[in-house]
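Hi,

Here is the structure I promised to pass on to you.

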Amino acid sequence: MPQDFTLHTHTIGCDGKNTPAEMVARATEMGMQAIGISNHFIVHPKIRESNFYPHALRGGYSQIYNASFDEIMARFIPIYQEIEHVAKNAPIRVLRGLEVDFFPDDKWRQNFERAIGVLKPDYLIGACHFIEYDGGLRNVHDMANANPEERAHMLNAYWRKIGMAAESGLFTWMAHLDLPRKVGIGIGDEWRIREYDTIAKLAKNNTPIEINTALQPMPYPSHRILQMAARANLPVLISDDAHRAEQIGRFFDGAEQLCAQIGIKNRLSLQKILDFSNKTL
């Protein structure tokens, strides 16, 4: 059956353009049975030293980058309170999620577990927007602007980090696996082995992935990765990664056709997501 829920969405207070109430209203109009608000949870002590931070300031979404866990929790508590208020009167189910940038550090994990103990989200999306490289943080734009040798090192670090996030056991699913493709890098056949190894780690830990429809005409991840996921019988769900209300459910029909074309049969249901969260959070 077609997927009738959307869980990877963003609102005002993060880098989204609409309120939770507006997002819920649009999801209701679309015939969704549930919507989840999953704003960015990005914490690193050097985040404001990153090359991308000045662009975030100019773009008006610097609030998604936080240097401490206390800082980000202070941001999220009122956002979650607003979502709870909207959920009480909503005609559909409304859930609270986080899109989390994972960092493979014991102190980060301890603080993260403390944070989710306070916030009590319904699910956790694992993501990798930044890698640690050469003493600082780098994102996909830094990778694209690097020389070929440095770019290769960064892309290798990116895929290692995705694998470590899968092995952490923290996440309900992993978002946009091949994010560097957004800027046209990391798409050659030489990355097939890295992709295969990552899918193997995801399958070993039974960590689902999403088909993210934000990048068109071809969503994340690539056909090549989705074929690997199908062969590994990896659970898959569709995400619109909506930053505006009108983006909810965008290109879901095409993603459904893609699943059928590639032979993806292990679809992640809303109940399975909630079962995972009840067991782990």
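Below is what I found in it, going from the whole chain down to single residues.

Please keep in mind that this is a predicted model. The protein chain contains ten helices and ten strands. Its 281 residues would give a radius of gyration near 19 Å if they formed a compact globule, and the value for the chain, 18 Å, agrees with that. Along the principal axes, the C-alpha atoms fill a box of roughly 55 × 45 × 35 Å. Of the 281 residues, 56% are buried. If you count contacts between residues at least 6 apart in sequence, 77% of them join residues at least 24 apart.

As for the surface, the accessible area of the chain is about 12,500 Å², and carbon and sulfur atoms account for 49% of it.

A search of the whole structure turned up zero disulfides.

Helix α9 covers residues 252-262, and I262 is in it. With 16% relative accessibility, I262 counts as buried. Leaving aside residues up to four places away in sequence, I262 touches H223, L226, Q227 and A230. A230 is 32 residues from I262 in sequence, yet their C-alpha atoms are 7.2 Å apart.

The loop between β9 (209-212) and α8 (223-231) holds P217, and P221 is in that loop too. The peptide bond from Q216 to P217 is cis, with omega near 15°. Y220 and P221 are likewise joined by a cis peptide bond, with omega about -20°.

Finally, here are two backbone angles to look at. N206 is not a glycine, but its phi is positive, at about 55°. N206 belongs to the loop between α7 (192-204) and β9, and it is exposed, with a relative accessible area of 51%. F251, another residue other than glycine, has a positive phi near 60°. F251 sits in the loop between β10 (236-239) and α9, and at 46% relative accessibility it counts as partly exposed.

Best wishes

Notes. Residues numbered from 1 in each chain as written. Predicted model: local features only at pLDDT ≥ 70, side-chain atom pairs only at ≥ 80, totals over all residues. Heavy atoms only, no water. Helix = DSSP H or I, 4+ residues; strand = E, 2+ residues; numbered from the N terminus. Rg over C-alpha atoms; globule rule 2.2 N^0.38 Å. Buried < 20%, exposed > 50% of the residue type's maximum accessible area, 1.4 Å probe, protein only. Contact = heavy atoms within 4.5 Å. Areas by Shrake-Rupley, 256 points an atom, 1.4 Å probe, with all protein chains shown as cover. Disulfide = S-S within 2.5 Å.
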